[in-house]
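Hello,

Here is the structure I promised to pass on to you. Please have a look at it first, and then read my notes below.

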Amino acid sequence: MKPQKDRAGRLKLNPPRKQFLDPEVEQLADERARLAQHGVRPAMEKPRPQVQPRTEGWTQRTDAEGRPKLEFKQPRVTQPAQHLADMSMVDREEKVKELGLPAFRARQLSTHYFTHYTTDPADMTDLPAAKRDELAEIFFPNLLTEVRRIETEDRQTIKFLWKLFDGVLVESVLMRYQNRVTLCVSSQAGCGMNCPFCATGQAGLTRNLSTAEIVEQIIAANRVIAAGQLGVPEGGRNIERVTNVVFMGMGEPLANYRRVMNAVHRMVDDAPAGLGMSARNITVSTVGLVPAINRLAGEGIPVTFALSLHAPDNELRDQMIPVNSRWDADEALDAAFNYYVQTGRRVSIEYALIKDMNDHAWRADLLAKKINARGRGWAHVNPIPLNPTPGSIWTASEPDITQEFIDRLNDAGVPTTLRDTRGKEIDGACGQLAAEDA
């Protein structure tokens, strides 16, 4: 087979099995007519402006050829000390045996950490008194230090600012709903995907987080919940631990693949090896790293997969999501569909609605067409409302435009639900995490 190249002239690393390519905009009139035949009403919108993506208040980094710079590998940096959460249970047992202790001590240490959320040797009374301090020092080096937390008025959402061992700052957001507690975790310090609308990527990629640095965000959140510091909505369940984790904080999770997947194993492994969470309650998101999506599909762990699409046409998505020049919208959708085929798990399509940029009715039609071309029932679209920001191009769609976008997708048979975005007032919503130590 002749090697394939992408639209930027680079060799494709993972040529798609099949694609659903079309001259999108040119065929729009025909597609609208076809959708109408299936019960979707024709577009009635008046001509609207097309706002072009651009940065505001910062300059997008570019490569030698003037394209937005993409960073898939972290710089060479010092790594944090190895922590119990970095190790499998087998590795922990080997470690305690090296210290002259029987293997079952590893299970005791793991129970203290994953069940009781403690690293204080004074609490580990089932361990030999002469060894407690040494074991705690070896297995539980300090990885996260809380710098600041900001709460919503109802105390049901908390944004944490953490300082890592090397002074790097990251954030996570804890949210309580009626029947679940969700933690939005960071997987990298900064981000190398260079999307112009995202606060996290403005400074580029600082480094990947270790497995334990990811897991520690959950353990720290569980301590906060156990201490009664997270508010409970009226009539809601007083759940005492994090039930859902979403990799939608700082960073591109699939660019830190190995450590993210190790962290997922710690989440789903039964206690005391891990937290014993349901894989279905863990969401891994990506802007579209196709080879990593295909790799994730083969892991055998049925996590929820979310594709941050934000535009169905390559002309706009090239500008909004720079990695689209490497793997375009159709390739990303192919990989997402393949995830569904391999796992049987319905995929979430994330779509931030931005006024006059990507919220046109014809884009809803095009998105529905591309999803339905691959099959029915395999994807659920989550439009994400932005904050209304006067004077900014990155502002919320008007309510009637938002509803029209949702209606068109639903009418085309694509399940679509407007996401309940938490933490906007504390800069804790999607795209707002920037880890600033003010």
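F247 has V284 of strand 8 as its bridge partner. The model is predicted, so local features need pLDDT of at least 70 and side-chain atom pairs count only at pLDDT 80 or more, while totals for chains, interfaces and linings use all residues. Residues are numbered from 1 along each chain as its sequence is written, and side-chain values use heavy atoms, with hydrogens and water left out.

Let me stay with strand 8 for a moment. Strand 7 (residues 244-247) runs parallel to strand 8 and is joined to it by 3 bridges; two strands count as paired if DSSP finds at least two bridges between them. Helices (H or I, at least four residues) and strands (E, at least two) are DSSP runs, numbered from the N terminus. On to strand 9 (residues 304-308): 4 bridges join it to strand 8, again in parallel, and V284 has F305 as its bridge partner there.

Strand 7, helix 6 (residues 257-268) and strand 8 form a right-handed β-α-β unit (with the strands pointing away from the viewer, the path from the first strand over the helix to the second runs clockwise). From strand 8 the chain passes through helix 7 to strand 9, and this β-α-β crossover is right-handed too.

How many residues of strand 8 (residues 282-286) are buried? The count is 5 of 5, where buried means under 20% relative accessible area (1.4 Å probe, protein chains only). In a regular strand the side chains alternate between the two faces of the sheet. Here both faces are covered, with I282, V284 and T286 buried on one side and T283 and S285 on the other.

Strand 11 runs parallel to strand 10 (residues 347-353), with 7 bridges joining them, and Y351 is paired with P383.

The axes of helix 7 (residues 290-297) and helix 9 (residues 329-343) come within 9 Å and cross at roughly 5°. Helix 7 is therefore roughly parallel to helix 9 (angles under 35 degrees count as roughly parallel). Axes are lines fitted to C-alpha atoms, for helices over the stretch in contact, and angles run from 0 to 180 degrees between N-to-C directions. Helix 7 contributes V290, I293, N294, L296 and A297 to this contact (heavy atoms within 4.5 Å).

V323, between helix 8 (314-320) and helix 9, is buried with a relative accessible area of 1%. Leaving aside neighbours within four places in sequence, V323 is in contact with L70, F72, M193, V287 and L289. H310, in the loop between strand 9 and helix 8, counts as buried at 6% relative accessibility. Among the residues that H310 touches, not counting those up to four places away in sequence, are F197, E350 and N358.

Finally, the overall tally: the chain has 11 helices and 11 strands, and buried residues make up 55% of its 438 residues.

Best wishes

Technical notes. Angles under 35 degrees count as roughly parallel, over 145 as roughly antiparallel, 65 to 115 as roughly perpendicular and the rest as oblique. Buried means under 20% relative accessible area, exposed over 50%, partly exposed in between (1.4 Å probe, protein chains only).
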